[in-house]
Amino acid sequence: MSKRALVTGVTGQDGSYLAEHLLGQGYQVWGLIRGQANPRKSRVSRLASELDFVDGDLMDQASLVAAVDSVQPDEVYNLGAISFVPLSWPQAELVTEVNGMGVLRMLEAIRMVSGLSTSRTAAPDGQIRFYQASSSEMFGKAAETPQRETTLFHPRSPYGAAKAYGHYITRNYRESFGMYAVSGMLFNHESPRRGQEFVTRKISLAVARIKLGLQQELALGNLDAVRDWGYAGDYVRAMHLMLQQEESDDYVIGTGQMHSVRDAVAIAFDHVGLDWRDHVVVAPELVRPAEVEVLCADSARAQVRLGWKPEVEFPELMHMMVDADLEQVARETRMGELLAGTW
Ligand code: NAP
Ligand code: F7E
């Protein structure tokens, strides 16, 4: 019989890749959908046509119990979050509710549907396995480089602090109730499906628009920030592998390669034969109240225990994103001209 998976955050970048991956592995997959007419539902349906949906919101405990109860999943992947770090300063409480308390609510839904009492210390056989989307933002002002599972946390934003709570409560439910609960400590991962507010996609989209003569300038914040950027398609394979082990544990996932925002800009502009210095301006208002300067992963545990390794290198990833945006912008421009009757 095929396994059943419930994925929160299914309309996001990772949710769409994970749904495709699990369907490809023969799973039945349900995506948790929030809101009465979520405009992103049809987009993910186009990408993964066999995907089913169930209503629910990480802010609403009862809706999560109902979703878990109706799907009866073997595996729950909690990818739902407000994931844009700068939004977490002006909307700190909301981000903490969704990204921190939302994890607790999902763990509680699983505990309740599994019939585990709060005094029970061993989960029954056939338990629901849980994946939590933790983040390298928990390391923040990093205590050591590269960062591994044991590196101390020093979050630099309300986003990072909420993710740290989600990480610890996941570990706590594993230790308290014997739940199979995993925290995937993932470093930045990107793709042509990345939201346009994140720096790599902001760059790839701007490069495409500049190349096609639709834009002149790209305003960015801190060009010196260094990240370990990988490809989202590689990282969802790791999420799945983490739930297939004998025992649950936490895993750092990244490439071990460091690049600055300036490197990302240079690679992307270079790909279309442009000099970034002619187009990029620094906008002080885009610099964050507290920055995470350098992140780099040590994924040795995942490589040894899961047999996982990334396949796409950073320059190839930026090229893939620029090419996808060139195609999309050209298509949208043609559509616009067609609708305006000028083509
Ligand atoms: P994303 O594209 O921003 O997607 C976020 C998803 O969360 C969307 O599907 C959104 O659904 C959903 N969501 C927001 N609020 C919700 C709520 N109240 N209840 C239920 N769902 C809600 O993020 P992503 O890049 O795919 O990242 C997936 C997860 O990994 C997130 O938890 C993120 O924090 C974490 N993470 C990401 C990275 C990375 O580099 N991408 C690295 C480490 C960790 P709507 O359609 O309803 O808005
Ligand atoms: O910023 C710098 C910015 O917004 C990367 C999320 O998926 O990964 C992501 O968080 C760096 C930062 O990602 C601009 O200051 C410069 O240093 O693409 P980003 P992020 O904040 O690292 C982690 C692992 C997550 O968990 C998050 O959910 O780029 N930067 N100029 C800029 N960033 C943006 N967005 N826009 C700029 O104009």
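Student: Leaving aside neighbours within four places in sequence, which residues is M242 in contact with?
Tutor: This is a predicted model, and contact here means heavy atoms within 4.5 Å. With neighbours within four places in sequence set aside, M242 touches Y131, Y180, V182, G184, L186, Y251, I253 and L306.

Student: OK, and in the largest nonpolar core, which residues touch the most other members?
Tutor: That core has 58 residues, and it takes at least three from each of domain 1 and domain 2.

Student: How many residues are in the second, separate core?
Tutor: Look around W30, L32, L116 and F177, which are included in it. This second core is separate and has 29 residues.

Student: How far apart are the C-alpha centres of the two domains?
Tutor: Domain 1 covers 4-190 + 231-253, while domain 2 covers 199-226 + 257-295 + 312-336. The contact between them takes 14 residues from domain 1 and twelve from domain 2. Their C-alpha centres lie apart by 29 Å.

Student: Which residues of domain 1 lose the most area to domain 2?
Tutor: The two domains bury about 1200 Å² between them, with 65% of it on carbon and sulfur atoms. On the domain 1 side, three residues together account for 43% of what that side buries. They're R156, E190 and Y231.

Student: How many residue pairs are in polar contact across that interface?
Tutor: By class, the domain 1 side has seven nonpolar, three polar and four charged residues. For polar contacts, with both residues at pLDDT 80 or more, the number of pairs is three.

Key:
Residues numbered from 1 in each chain as written. Chains lettered and ligands numbered in written order. Predicted model: local features only at pLDDT ≥ 70, side-chain atom pairs only at ≥ 80, totals over all residues. Heavy atoms only, no water. Domains from an automatic or database assignment. Buried area = accessible area lost by both parts, 1.4 Å probe. Polar contact = N/O pair within 3.5 Å; in protein donor to acceptor, adjacent residues only side chain to side chain. Nonpolar A, V, L, I, M, F, W, Y, C, P; charged D, E, K, R; others polar. Core = buried A, V, L, I, M, F, W, Y, C linked by side-chain atoms within 4.5 Å. Buried < 20%, exposed > 50% of the residue type's maximum accessible area, 1.4 Å probe, protein only.
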